Amino acid sequence: MAAMFKNYFSKDNESRVVKSKVIEIGELSTFDDEPVIILFNDTAPIGLREVCIIHEFEETPPKDFLKKGSKMIFNGKEYTIEKIGHVANETFYDLGHISLYFDYDEVSEVLPGSAFLSPKEKPILKEGDNIEFITWQFF
């Protein structure tokens, strides 16, 4: 999958992929009228688990991994980060946590631990699904 993203970049930089697997779906996390996915690793408190999608990284992402233009792939469908909050990378690294919004207006402020993604269509996830996070590093 990462090979297809190399076309976006020149030979002087390289994409980096971090993979994750959905291990639990909170019973209140999948309502169609809520255009948000809340990702969390297995450390999510009991009170939050019901609204979260719990996932497990194959490897911990680097700090400051996600940025505007980074890609996320949910079951083969590509999404792009349009805006990202100022603490989103910290919570993503420490807790596997980020809130992903799929229905926003262009003037909305992104919350500190969140990101706005396009296209504006929330993916449907189930246990066992894979998520790929793709970004690039310049050399």
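1. In which strand is serine 20 found? Serine 20 belongs to strand E1, which covers residues 13–25; strands here are DSSP runs of at least two residues, numbered from the N terminus. The model is a predicted one, in which local features need pLDDT of at least 70 and side-chain atom pairs count only at pLDDT 80 or more, while totals for chains, interfaces and linings use all residues. Residues are numbered from 1 along each chain as its sequence is written, and side-chain values use heavy atoms, with hydrogens and water left out.

2. On confidence, the protein has an average pLDDT of 88, and 88% of the residues score at least 70; pLDDT is the predictor's confidence in each residue, from 0 to 100. Residues 1–12 have a pLDDT below 50, and this stretch has 18 contacts in the model beyond near neighbours in sequence. Where pLDDT is low, the predicted coordinates should not be read in detail.

3. Serine 20 counts as buried because its relative accessibility is 1% (buried means under 20% relative accessible area, exposed over 50%, partly exposed in between, with a 1.4 Å probe and protein chains only). Its side chain reaches the backbone oxygen of glutamate 56 at 3.2 Å. Strand E2 (residues 36–40) is largely enclosed by the rest of the structure, because four of its five residues are buried. Two strands pair if DSSP finds at least two bridges between them. E2 pairs with strand E6 (residues 98–101) in the antiparallel sense over four bridges, and isoleucine 38 stands opposite serine 99 in E6. With strand E3 (residues 53–57), E2 pairs in the parallel sense over two bridges; here leucine 39 stands opposite isoleucine 53.

4. The largest nonpolar core has 22 residues, of which Phe74, Leu100, Leu117 and Phe133 touch the most other members. Such a core is a set of buried Ala, Val, Leu, Ile, Met, Phe, Trp, Tyr and Cys residues joined through side-chain atoms within 4.5 Å. Leaving aside neighbours within four places in sequence, phenylalanine 133 is in contact with residues including Ser20, Leu39, Phe57 and Met72.

5. Methionine 72 lies in strand E4 (residues 71–74) and is buried, since its relative accessible area is 0%. Among the contacts of methionine 72, leaving aside neighbours within four places in sequence, are Leu100, Leu117 and Phe133.

Definitions and conventions. A polar contact is a pair of N or O atoms within 3.5 Å; within protein, one must be able to donate a hydrogen and the other to accept it, and residues adjacent in sequence count only if both atoms are side-chain atoms. Contact means heavy atoms within 4.5 Å.
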